[in-house]
Amino acid sequence: MSLQGKHIVLGITGSIAAYKSAHLIRLLIKKGAEVQIVITPAGKEFITPVTLSALSDRPVISEFFTSGDGTWHSHVDLGLWADLMIIAPATAATIGKMANGIADNMLITSYLSMKAPVFVAPAMDLDMYRHISTQRNIEKLKNDGAWIIDATEGELASHLEGKGRMEEPENIVAILEQFFSTRNNLLNKKIMITAGPTYERIDPVRFIGNFSSGKMGFALAEECSSRGAEVFLITGPTVLSVSHPNITRVNVESAVEMHDAAFNIFPQVDAAIFSAAVADYRPEKMSEEKIKRSEKEKFSLTLTSNPDIAASLGKIKEPYQLTIGFALETNNEEFNAIKKMEEKNFDFIVLNSLNDQGAGFGHDTNKVTILSRDGKKQSFSLKSKSEVAKDIIDTIFETTEARNKKLEV
Ligand code: CTP
């Protein structure tokens, strides 16, 4: 992999870890990137612009105007020039300013004008990192679409030791290379994703629902769209929001509504991922009025079965269309998952076991095994749902690539 010809804006802030930036610049340039440094006033206390411009072979930008002739530095042009911006090291102060749009230096104005993806490698002491205010700002940046490069990310350590330390330059470069290599590997693909719970109305104020948060489906939608796909996200009621412009969100409430939306969209897509927790049954009749408490000791509702969205689309799917299902099992997990994959005509099924701590409904983490129709099996460790989404899409992509290559030979 390389970074040949990539335009990278490297933002440097006032942290002791700024010494690592020198090494980072060398590595980026060795990989073929062009690097433009933007440094904050505090950053210059830790590493000199002379060193940085010598290493990057470009003048360092730090003020709004050059001191000699008063020429204005255009952060707008920089935002258009860049293929990627990375702030490494990023202090708590800079993260806070980025999260709140406080544009009092060139680095923040460049960030606000940036048209390219932004990566942030935090560097600060553990107490500052742990502080609720820093955590809130980091969350805000993530929601704004930035990627946070955390030294311990991936291991999901329950303790925070090592957190706040800036990631090593070698690892940062590997992450950026990986990013560019997967970035457009779903370009021109259309993908439908079902997500969240369904609500089946009993009367105007009550429903039958489930604890699905929609997090896994939303993470998959973000991952697919960040790789260039056009995503149709059909979601049941959830508090989540989407950030990527390539995601078309279709809000539904019940299984029947989800089924109808999915049937409309499915014929135009290359792949469909069924991550919704669809209610198997709904009340046979919804009461128009609020059901009153009665004197009777017992009360019963008659339920009628809902359409199985995945199974019915599995019947009409074309050979070029891929479908991926989810199975949440408590016993005979693999056996049941494989059975489901065959019954619903999935190409892959993602199994998560309710026996695993931290996996499944409501959690931010998940632990999955991916089974494929051609008998392959891959198990992953407990990870954040966005990491799991990456693994799922990588696995599907690699398997189908390998299969297509075999077909071509
Ligand atoms: N699914 C669906 N429509 C339904 C039920 C399920 O599209 N009415 C999809 C889910 O999104 C998931 C897969 O089918 O990808 C398996 O869902 P699950 O609820 O585990 O399977 P069921 O067939 O309902 O089996 P059971 O609840 O008996 O385990």
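A nitrogen atom of the ligand lies 3.5 Å from an N or O atom in the side chain of Asp-308. The structure is a predicted model, in which local features need pLDDT of at least 70, side-chain atom pairs count only at pLDDT 80 or more, and totals for chains, interfaces and linings use all residues. Residues are numbered from 1 along each chain as its sequence is written, and side-chain values use heavy atoms, with hydrogens and water left out.

Figure 1. A backbone N or O atom of Ile-309 is 3.0 Å from a nitrogen atom of the ligand. A polar backbone atom of Phe-326 is 2.9 Å from an oxygen atom of the ligand. On its own the ligand has 570 Å² of accessible area, and the protein covers 75% of this area (Shrake-Rupley method, 1.4 Å probe).

**Figure 2. The shell around the ligand.** The residues around the ligand (one heavy atom within 4 Å of it) are Phe-274, Ala-276, Val-278, Asp-280, Pro-307, Asp-308, Ile-309, Ala-310, Gly-325, Phe-326, Lys-340 and Lys-344. By class, this shell comprises 7 nonpolar, 1 polar and 4 charged residues; Ala, Val, Leu, Ile, Met, Phe, Trp, Tyr, Cys and Pro count as nonpolar, Asp, Glu, Lys and Arg as charged, and the others, Gly among them, as polar. Helix α11 (309-316) and strand β14 (322-329) each supply at least two residues of the shell; helices (H or I, at least four residues) and strands (E, at least two) are DSSP runs numbered from the N terminus.

Figure 3. The ligand sits in the second largest pocket. A pocket is an open set of points on a 1 Å grid over the protein atoms alone, where a 1.4 Å probe fits, with protein on both sides within 12 Å along at least five of seven lines. A molecule sits in a pocket if more than half of its atoms lie within 2 Å of its grid points.

Figure 4. Thr-194 belongs to strand β6 (residues 190-195) and counts as buried because its relative accessibility is 2% (buried means under 20% relative accessible area, exposed over 50%, partly exposed in between; 1.4 Å probe, protein chains only). Lys-383 lies in strand β19 (residues 383-384) and, at 17% relative accessibility, is also buried. The side chain of Lys-383 makes a polar contact of 2.8 Å with the side chain of Asp-391; such a contact is a pair of N or O atoms within 3.5 Å, and within protein one must be able to donate a hydrogen and the other to accept it, while residues adjacent in sequence count only if both atoms are side-chain atoms.

Figure 5. The peptide bond from Ala-88 to Pro-89 is cis, with omega near 0°, and Pro-89 is in strand β3 (residues 84-90). Asn-188 has a positive phi, near 70°; it is found in the loop between α8 (169-183) and β6 and is exposed, with a relative accessible area of 73%. Phi of Asn-332 is also positive, near 45°. Asn-332 is found in the loop between β14 and α12 (333-343), and its relative accessibility of 54% counts as exposed.

Notes: On a 1 Å grid over the protein atoms alone, a cavity is a set of points where a 1.4 Å probe fits but cannot get out, and a pocket is an open set with protein on both sides within 12 Å along at least five of seven lines; lining residues have an atom within 4 Å of a point.
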